[in-house]
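Dear colleague,

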Amino acid sequence: MRHLSATEFVDFIESSGTLTPERVRHAQTCTECVARAEALRDMRTAALDDEEMQPSPLFWDHFAARVSAAVRNEPAPAPDMSWFRQPAITWGSVASIAMLLLAMAVWRATLHAPAPVVSLATHASTSDVVLPVPEAAFSDDVDADEAWAVVRAATIDLNWDDVHAAGISAHPDDVENVALELNADERHELARLLDADLKRKGA
Amino acid sequence: MRPRRWQVTVTRDRTDPARPEAASASDSDDDRVLVQACLRGHREAFDVIVERHQRHVYQLCYRFAGNHEDASDLAQDVFLRAYRGLHTFKGNSAFSTWLYRIGVNVCLNRLGSRAQKWTTLDAADRPDFRAERADARLLRGERAAEVRAAIARLPKKQRAALVLRVYHDLPHDQIAEIVGTSVGAVKANFFHALANLKKLLKSQS
């Protein structure tokens, strides 16, 4: 039978109980293994004989004060930010910011778009021309505007801390303030664009 | 006065040799509370951590350094490094295991490249051997010095395995966590440490 391995010797001299009965029997009967195990035990005993040296009891107070003083010269330990590196949180943040930026881009593009050209050529000959203006165009009541509700719904749940963190300086009332400056056509167009975008994303 | 939330009660003397287990579950919980308090800016909580672990850390450093002066400097360095890296303690292992890991790394890095100055402590700090006969005491002291010198010459991993197993009575799996190897490797290192210790003592004599 083969001799004990290094790990088996350690298990044997420590009586860990992990060796099989066959291996224990070998360790107890094999002359070579018995001698090696005995030598290992002797060395462990020799090491253990070097008893723990305890410095003076006064040392501990002095030591604790030394460490305390050294620690006070250190900057405070930084809190753990590893949670921020968790994939779900990272991707969620990126998606929210992307959505927000997209909405802002669409909004701004709509605000500065040229007004729709209405051709008057076909009506030039008639003096009593009446342009077909939709009824909603005359309404400046934002709250009553159903199309604008889409914009309000898209922005109502925004976390403005996230918006500021993204470097966009906007305030909760800004959307409503700008909305008051838009005419009905502009509001319709912005609402249409946002609605189309939300539908495309399955929001 | 509002009680501090991190305040814990040290329920037992952790240096009691009759109770050698590294850390009980409640000790680990207390340590985690203290670490969280430190991270929230309560530096006093770290004083409690030092108080709880200073003896173990010092003894570890003493076994590597071999003299009181270097051991106390090393122990201070261990605590400073622990303080700086508190935010990296995840609580996956016991705080004492994490601290031991820092201690072993500090000791091996600092002392690996230079010979140690093995000295004894002042007479007043020595264990009380008055009950022994003078010649037996002398023999014992000489033998202990030889063993310490031989341990100092062991390869790093063998030395770490022997120190943590023999002098700190840590289980092999905890030593594996501390030195970052497998349990099998720890046992093999312990075996070779004892075998090499015999050779070194033989060559010294």
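Helix α8 (residues 183–204) of chain B has 22 residues and spans 31 Å from its first C-alpha to its last, close to the 32 Å expected at 1.5 Å a residue (the expected span is 1.5 Å times one less than the number of residues). Helices here are DSSP runs of H or I of at least four residues, numbered from the N terminus.

This is a predicted model, in which local features need pLDDT of at least 70 and side-chain atom pairs count only at pLDDT 80 or more, while totals for chains, interfaces and linings use all residues. Residues are numbered from 1 along each chain as its sequence is written, and chains are lettered from A and ligands numbered from 1 in the order in which they are written.

Among the buried residues of α8(B) are Phe190(B), Phe191(B) and Leu194(B) (buried: 20 or more other C-beta atoms within 10 Å of the residue's own, with C-beta atoms placed from the backbone). Their cover includes α1 and α3 of chain A.

The contact takes 34 residues from chain A and 41 residues from chain B (contact: C-beta atoms, placed from the backbone, within 7 Å). On the side of chain A, α4(A) gives the largest share, nine residues.

α4(A) packs against helix α2 (residues 44–65) of chain B at an angle of about 140°, with the axes 10 Å apart.

Yours sincerely

Key:
Contact = placed C-beta atoms within 7 Å. Helix = DSSP H or I, 4+ residues; strand = E, 2+ residues; numbered from the N terminus. Axes fitted to C-alpha atoms, helices over the stretch in contact; angles between N-to-C directions. Buried ≥ 20, exposed ≤ 12 C-beta atoms within 10 Å, placed from the backbone.
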